[in-house]
Amino acid sequence: MKSADEIAIDILSWLAGEPDLLSRFLALTGTDPSSLRNAIGEPGFMGGLIAFLMDHEPTLIAFCEATGTAPQDVVRAHEKLSGAADLQDS
C-alpha cells in the first residue's frame, strides 16, 4: 500500500496532465507553478492536494480511475495528512 505522501505525489503528477484542474488547484491554494517544487516538501501542501480531491467527488473518481488508486486509499491518506483520524478518536 502506498503512503499518504506517495498518493499526494501521484495526485500532483495526475494534475500535471489535467491543465484545467491544475489551474483550479493553484488558484485555490494561491500557489504558482514556479513554487510547486518547494511546496511539495510542506506537509500542508501535500494534505491540500488530497483535500482538493476529497472536496469534489467527480475529480476524486477521475483520479482513481486514471491511476488505479482505490478511493479508500485516498481517504486514508487524507485522514493521515489532515489529522482527521486523530479527531475521531477524541
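In this predicted model, helix α5 spans residues 57-67 and holds four buried residues, Thr-59, Leu-60, Phe-63 and Cys-64. Those four residues lie on the same side of α5, because the arc they cover around the axis is only 135°. An α-helix has 3.6 residues a turn, so residues three or four places apart point the same way. Turned away from the buried side of α5 is a face with the exposed residues Glu-57, Pro-58, Glu-65 and Ala-66. Just after α5 comes Gly-68, with a positive phi of about 70°.

Helix α2 (residues 19-29) can be described in the same terms. Its buried residues are Leu-22, Phe-25 and Leu-26. They share one side of α2, because they cover an arc of only 95° around the axis. Asp-20, Arg-24, Ala-27 and Leu-28 are exposed on the other side of α2. Gly-30 follows α2 and has a positive phi, near 75°.

Helix α1 (residues 4-16) takes part in two helix contacts, and the table gives the geometry of each.

| Helix pair | Axes come within | Crossing angle |
|---|---|---|
| α1 and α2 | 7 Å | roughly 120° |
| α1 and α5 | 11 Å | roughly 95° |

What is the orientation of α1 and α2 to each other? With axes that cross at roughly 120°, α1 and α2 are oblique to each other.

For the second pair, the axes of α1 and α5 cross at roughly 95°. This makes α1 roughly perpendicular to α5. From α1, the contact uses Ile-7, Asp-10, Ile-11 and Trp-14; from α5, it uses Thr-59, Ala-62, Phe-63, Ala-66 and Thr-67. The residues in the contact of α1 with α5 comprise 6 nonpolar, 2 polar and 1 charged.

Leu-21 belongs to helix α2. Which residues does Leu-21 touch, not counting residues up to four places away in sequence? They are Trp-14, Leu-15, Phe-52 and Thr-59. Thr-59 is one of the buried residues of α5.

Thr-31 lies in the loop between α2 and α3. Is Thr-31 buried or exposed? Its relative accessibility is 15%. Because buried means under 20% relative accessible area, Thr-31 counts as buried. The side chains of Thr-31 and Thr-29 make a polar contact at 3.0 Å. Not counting residues up to four places away in sequence, Thr-31 touches Leu-26, Leu-36 and Phe-45. Leu-26 is itself among the buried residues of α2.

Asn-38 is located in helix α3 (residues 36-39). Asn-38 is exposed, because its relative accessible area of 63% is over 50%. Asn-38 and Ile-50 are separated by 12 residues in sequence and by 17 Å in space, C-alpha to C-alpha.

Technical notes
Residues are numbered from 1 along each chain as its sequence is written. This is a predicted model: local features need pLDDT of at least 70, side-chain atom pairs count only at pLDDT 80 or more; totals for chains, interfaces and linings use all residues. Side-chain values use heavy atoms; hydrogens and water are left out. Axes are lines fitted to C-alpha atoms, for helices over the stretch in contact, and angles run from 0 to 180 degrees between N-to-C directions. Angles under 35 degrees count as roughly parallel, over 145 as roughly antiparallel, 65 to 115 as roughly perpendicular and the rest as oblique. Buried means under 20% relative accessible area, exposed over 50%, partly exposed in between (1.4 Å probe, protein chains only). The arc is that of the directions from the helix axis to the C-beta atoms. A polar contact is a pair of N or O atoms within 3.5 Å; within protein, one must be able to donate a hydrogen and the other to accept it, and residues adjacent in sequence count only if both atoms are side-chain atoms. Contact means heavy atoms within 4.5 Å. Ala, Val, Leu, Ile, Met, Phe, Trp, Tyr, Cys and Pro count as nonpolar, Asp, Glu, Lys and Arg as charged, and the others, Gly among them, as polar.
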